[in-house]
Amino acid sequence: MRSMLAATLMLAAATGAHAQMTAPQIPGTKPKPVQTVPVRPPALQTAPETADAMAQAERLSLQSDLAWVGQYNGAITGDVSERMVNAIKEYQKATGGKPTGVLNPQERSALAETARRKQDSVGWKIVVEPTSGARLGIPSKLVPQQASDANGSKWTSPTGTVQVVLSRRKEANPTTAKLADAEKKEPAGRKVDYTVVKPDFFVLSGLQGLKKFYVRGTFRGDEIRIMTILYDQALENTVEPVVIAMSSAFNAFPSTPMAGPPPRKNVEYGTGIVVSDDGAILADRLVTDSCLAITIAGLGSADRLAEDKEHDLALLHIYGARGLKPLSLASGAAKTSVDVIGIADPQSQGGAAGVSSVKGALAPVTSSDSGLSPPPAVGFSGGPALDGDGKFAGVALLKPAMVAGPGIAVPASQAMMVSAETVRDFLKANGITANGSSTDAKAAVVRVICVRK
């Protein structure tokens, strides 16, 4: 639109204030007087009017990109504001452009690319906190270490220079004003230089010792959820744009209906645990759902005999197999962390079928299930989780991804651990005597292959 407008104005300047329209002349007649018709240039839109004409999704994207390049420090709501227009002008000046407040296509493309590079540089991703279901934007390269417990989760840098904490607790009759006052005093010595208290959320920022802090919190009923970001002052230029993005991405109580799980793969891989020497195998119910055929790699076809929909367990049976080494299901005592044994998807290991082990942190969710983070690789679902002494603590299960609203995706999977007691009850209810005596979990796991239509 701007290029067309510029061409129109240039034409008007070259031909004067009016364009001449001359009637055709017939031979032998006198020319008719020239008729002039005034040409009015189109009305110029103001920058706010141009922004207002954008789709809401584009304004959200624009504000987010401006925040990532350090020019916008307001709430990313998609609303037109003077702050947004001024941010556009500052970006244009910083990149050598004319500060019009309206980005041309080349400027918009360059802004998006710069923001994308900055997101990639910090490993930006949207995650679901395993104990609460809250959604957060996490700069995974800045805070690669994660730990969870019943009170929430914490992401940290290796040296502790950047920390992100999602805390949750119960409190009778909370209000955002009461919560903000409490956060100002805890921990002692916080110096608050910015406060916003709204009926549905509050924000605080300032200094906490030698670190800068940012707090955003809210509640629903008696459940309180607060995100706290701490970072060294020396990292302000790096972290500040990320803090703004994290504040906007934080959704303590996601209410957008999930679109549902994606279609199941035509061929899906999981891990099974041999639990008896006559061929009983414990597996993930979802991995083995709607299969035309279930195969145990190296051993042959298996039948699915039973399922537990509440805990997503499945009981398989393979006939005629010899030399099986069923795992001892004697209960371990894992409380905070486990080692998960599994066979990753062949695409993750160049077509191979190697057994491997990964560590995971536990966070109680129900009396029988715990959140497991970080989620193990695809293919591990159904694998045994072992405590620090190598004893069976439960079964690790991956939950399929869901999409929640336009442009907001949860991680590829979340993970849970079903307790050893629940597993034993499931097997007992289906007449399976778990007679394994082996403590070698790697020898007791098998690859489960489901083939669908």
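Tutor: Let's start with a term: a residue is called buried when its relative accessible area is under 20%, and exposed when that is over 50%, with partly exposed in between. Keep in mind that this is a predicted model.

Student: Okay, is tryptophan 68 buried or exposed, and why?

Tutor: Tryptophan 68 has a relative accessible area of 3%, so it is buried.

Student: And which class does tryptophan 124 fall into?

Tutor: Tryptophan 124 comes out at 21% relative accessibility, so it counts as partly exposed.

Student: How many aromatic pairs are there?

Tutor: The idea is to look for ring centres within 6.5 Å, and then check the angle between the planes, where over 60 degrees counts as edge-to-face. Here the count is one aromatic pair. The partners are tryptophan 68 and tryptophan 124: their ring centres are 5.2 Å apart and their planes stand at 75°, so this pair is edge-to-face. It ties together distant parts of the chain, since tryptophan 68 belongs to helix α3 (residues 56-68) and tryptophan 124 to strand β3 (residues 124-128), 56 residues apart.

Student: Rings and charges next. Which charged ends sit over a ring?

Tutor: Arginine 190 has its charged end over the ring of phenylalanine 213, 4.6 Å from the ring's centre. Likewise, the charged end of arginine 216 sits over phenylalanine 201, at 4.2 Å from the centre of that ring.

Student: Now the sheet. In what order do the seven strands run?

Tutor: To read a sheet, follow which strand pairs with which. Here the order is β5-β6-β7-β11-β10-β9-β8, an open sheet with antiparallel pairing. At the edges are β5 (145-149) and β8 (191-197), each of which pairs on one side only. On average, neighbouring strands in this sheet are turned by 15° against each other, ignoring direction.

Student: How many bridges join β10 and β11?

Tutor: Ten bridges, in the antiparallel sense, link β10 (residues 211-220) with β11 (residues 223-232). Within that pairing, tyrosine 214 faces isoleucine 229 of β11.

Student: What does helix α6 touch?

Tutor: Helix α6 (residues 176-185) packs on the sheet and touches β7 (162-170), β8, β9 (202-208), β10 and β11, with its direction at about 5° to that of β9. Helix α7 (residues 236-249) lies across β7, β10 and β11, and runs at about 165° to β11.

Student: And the whole chain: how many helices and strands?

Tutor: The protein chain has nine helices and 23 strands. It counts 453 residues, 43% of them buried.

Methods: Residues are numbered from 1 along each chain as its sequence is written. This is a predicted model: local features need pLDDT of at least 70, side-chain atom pairs count only at pLDDT 80 or more; totals for chains, interfaces and linings use all residues. Side-chain values use heavy atoms; hydrogens and water are left out. Helices (H or I, at least four residues) and strands (E, at least two) are DSSP runs, numbered from the N terminus. Buried means under 20% relative accessible area, exposed over 50%, partly exposed in between (1.4 Å probe, protein chains only). Two strands pair if DSSP finds at least two bridges between them. Axes are lines fitted to C-alpha atoms, for helices over the stretch in contact, and angles run from 0 to 180 degrees between N-to-C directions. Contact means heavy atoms within 4.5 Å. Rings of Phe, Tyr and Trp (its six-membered ring) pair if their centres lie within 6.5 Å; planes under 30 degrees apart count as stacked, over 60 as edge-to-face and the rest as tilted. A charge sits over a ring if NZ of Lys or CZ of Arg is within 6 Å of the ring centre and within 35 degrees of the ring normal.
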